[in-house]
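Me: Hi! Could you walk me through the interfaces in this one?
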Amino acid sequence: MAKTHITLTVNGEAKELLVDPRELLIHTLREQLDVTGPHIGCETSHCGACTVDIDGKSVKSCTLFSVQANGADITTIEGLGTPDELHVLQQAFREHHGLQCGYCTPGMITRAHRLLQENPNPTEEEVRFGMAGNLCRCTGYQNIVKSIMAAAAEMNAAQEAAE
Amino acid sequence: MNDMTPSREDRVANLKGLGTSRKRVEDARFTQGKGNYVDDVKLPGMLFGDFVRSPYAHARVKAINTDEAMKVPGVLAVLTAKDLEPLNLHWMPTLAGDKQMVLADGKVLFQGQEVAFVVAEDRYAAADGVEAVEVEYEELPVITDPFHALETDIVLREDLEAGADGAHGPRKHHNHIFLWEEGDEAATEQAIGEAEVVAEEMVYYHRTHPCPLETCGAVASMDKVNGKLTVWGTFQAPHVVRTVASLLSGIEEHNIRVISPDIGGGFGNKVGVYPGYVCAIVASIVTGKPVKWIEDRMENLMSTAFARDYWMKGKISATKDGKITGLHCHVTADHGAFDACADPTKFPAGFFHICTGSYDIPVAYVGVDGVYTNKAPGGVAYRCSFRVTEAAYFIERMIEVLAIELGMDAAELRAKNFIKKEQFPYTSALGWEYDSGDYHTAWDKALKSVDYEGLRKEQAERVEAFKRGETRKLLGIGLTHFTEIVGAGPVKNCDILGMGMFDSCEIRIHPTGSAIARLGTISQGQGHATTFAQILASEIGISADSITIEEGDTDTAPYGLGTYGSRSTPVAGAATAMAGRKIRAKAQMIAAYLLEVHDDDVEWDVDRFVVKGAPERFKTMAEIAYASYNQAIPGVEPGLEAVSYYDPPNMTYPFGAYICVMEIDVDTGEHEIRQFYALDDCGTRINPMVIEGQVHGGLTEALAIAMGQEIAYDEIGNVKTGTLMDFFLPTSWETPNYTTDHTETPSPHHPIGAKGVGESPNVGGVPAFSNAVHDAFRAFGLRQSHMPHDHWRIWKTAHDLGLHG
């Protein structure tokens, strides 16, 4: 199968690579680029474990061809924080026990990050609605919602302090 | 004690031991996308395997043509039963004493059954190869109803010798697997025959699936140079997998290393041994290269590890004033095409005979008929301990039906029949010895917390308003008081494939006073690395932050039976405490030597040994650890290590009181959970934060099962719920907030009194949700309706009761 040349920006780094026209973005990320934070849970866009941020939108990378992402700016869980400087959401999920097995967590946090860009001061109902595309089998969501609400409050407080 | 010594309180706090809501050590890697799950394992030259699966539920396999598949670029091999037969691996033993085809041997018995295994250079080529394999089938009549299975002439398992006994005794029909009985049937019949009031009901607990977010998978790597096989996989019991792999392959056990890396949820799905694991291993041996197999979601739901599917016919009798006199239960258990239930060997129906529940029932009988049908094999404990969910659902429905029969309040009926605090240890009519409990205290606390009387008043008013046409919504109050049986289990009566169900912990204290402990269990989200360190911290006085917990690598961890059935804390947790006590015993001798006193003249104080009566003279655990490595102490070996293999004297019996308040729209069948109160008593509480998280998660899995989740088949055996479009997993939008509460009744036989909690919320949650639905319609004559209570079924219930005018 003839490969197609694409360019991507992944977590701030420019990437040039050859992909099969039918190759899914999640496989390109995980297997070609060793970006294994996003996971595969259903391959039908239901579970959200593969959620990445593409050009400012939450996208389920298991149902997008890599060629469709040509030229895109992609952020995954690996691009949100560093071990020395965790993202507020990464800290909040730990602080409020917003994860258990950890499989949904990268997608969950990546989606929450975008949600808080879209709506920096969400109600609990808005968080529950905005996160409904990401499934978790362990936590019952209660502490995920709590983590996101806490992160929003902290980010807003930091914003206010900066202004 | 001198001025430099921190206060006792500070030293206890510094340990982050028992009872602390310690933040999880696992979270750093998981929140940064640095978990290491099986699909993250990447080895040089690794190949991918993928299955050709049967589209039919019952068919003869006339021919398999792999020629075209072998022409697909990147395809290296296609394995069929013929290729596995010389290795005697075309069938494999199941955990339940039956055998299962690894690859279709002449026929297929359920939709999605493994027919051929394509090995290719990448997953796309493997999928192309699967498409190109030609299989010629001859369709056979399909049986999806277990009652029909026991009457028909159609033989499903032609491989079994007609008339011969099965693993659990005589088989009364060619599609029958076993009859398993417990209790005194004659006495039970007599009690029921003489009773003032009898309630009878068929309670069906439908087929469902654990569906962890990560599917099953494995990477097998045969190193032909060193003769060593390494297998990474989604294994809830890695040590047992190593033993089974050795017995099946003939490779000596020391040459097999099984590694369970991070596991993305298990819930029972990852206990069994699946054809994918076997094929990955064989393919690696054949090709000499690492082979990865990862199932997709559809394969997961169709082929690995269903749960439940129990038809439970019950009779319960009582006096007129509500004292229960007897319980009779007969189960028709649909086990699918192979009996692959994951139960301890002697218990083909698991611990279903905990079905007398929380009640003091003088006489009882249980009979379970296991039956073959054209459905997937499995029968795993989906977030429960071996059929305990079925038992809890059965008794909690029978109590409700009896309350209807008696015209009595269901909360009062429960309280009237609870085993009393002073009756523990209590031996049930079906032979279990309940270790401890205080049900009345928990129940009263629960009723008071939700203002039960107020709720009943509101409900009665609602019914009247409904009758007057002022509302279309009904109010249901779902009650449950459950008793679990977990922590399998005593080696004398519990084993898996002959391996006694003990568990283990091995501790090494390092010279500078930190430690590593390895266990025979494996976390799948429970947070063992956090909580087991807490148990140890309280035992040996080293801060949990200075203790590494490792599990899942059979080359380094001591042998254990793994994590399922809420057994980690009751068994491996006990082993951890016992190994810790061995460390402390040796530390005491070292401390006494260093302090130049007799062993008996020092006593333990949080993190140190102090000289009795002279608290200023002490040696901390860190000082003792250092001394153990650098001093020659007469009569004491250097180093500070211990190992414990713990065989529990009994199971543990966690319990809880759950109350669900639900609004039901009779016209749309939609429901809204207004309140859910969950009181759990899991004995000594190790980490309240983790316990609460387990309860939230278990309740949400219960919500799914009760309100919509099922593995449904059509009449020709097609799986109708094979994707997450059809198979219900609640989102954050449908899931309510829960209120958690607790009482604390320690287990008298567990070293720290802990009982385990992970599965309680699923066991108690399902009847709480289901009883709420039933209770909403009680005033209109509903006795029993089958789960899952999805919108359509609730609408149908309302319709059948004439509530749509």
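Me: How many salt bridges are there between chain A and chain B?
Reply: Seven salt bridges are counted between chain A and chain B, each being a side-chain nitrogen of Lys or Arg within 4 Å of a carboxyl oxygen of Asp or Glu. This is a predicted model, where local features need pLDDT of at least 70, side-chain atom pairs count only at pLDDT 80 or more, and totals for chains, interfaces and linings use all residues. Residues are numbered from 1 along each chain as its sequence is written, chains are lettered from A and ligands numbered from 1 in the order written, and side-chain values use heavy atoms, without hydrogens and water.

Me: Which side chain does B:Lys42 meet in a salt bridge?
Reply: B:Lys42 pairs with A:Asp34, at 2.8 Å from N to O.

Me: And how much area do chain A and chain B bury?
Reply: About 4,500 Å², 52% of it on carbon and sulfur atoms. Buried area is the accessible area (1.4 Å probe) that two parts lose on being put together, summed over both.

Me: OK, switching to the inside of chain A. Which domains is it divided into?
Reply: Domain 1 covers 4-79 and domain 2 covers 88-158; the bounds come from an automatic or database domain assignment. Their C-alpha centres lie 21 Å apart.

Me: What do domain 1 and domain 2 of chain A bury between them?
Reply: About 1,200 Å², with 53% on carbon and sulfur atoms.

Me: How many salt bridges there?
Reply: One salt bridge is counted between domain 1 and domain 2 of chain A. A:Asp53 also forms a salt bridge with A:Arg114, with the closest N and O atoms 2.8 Å apart.
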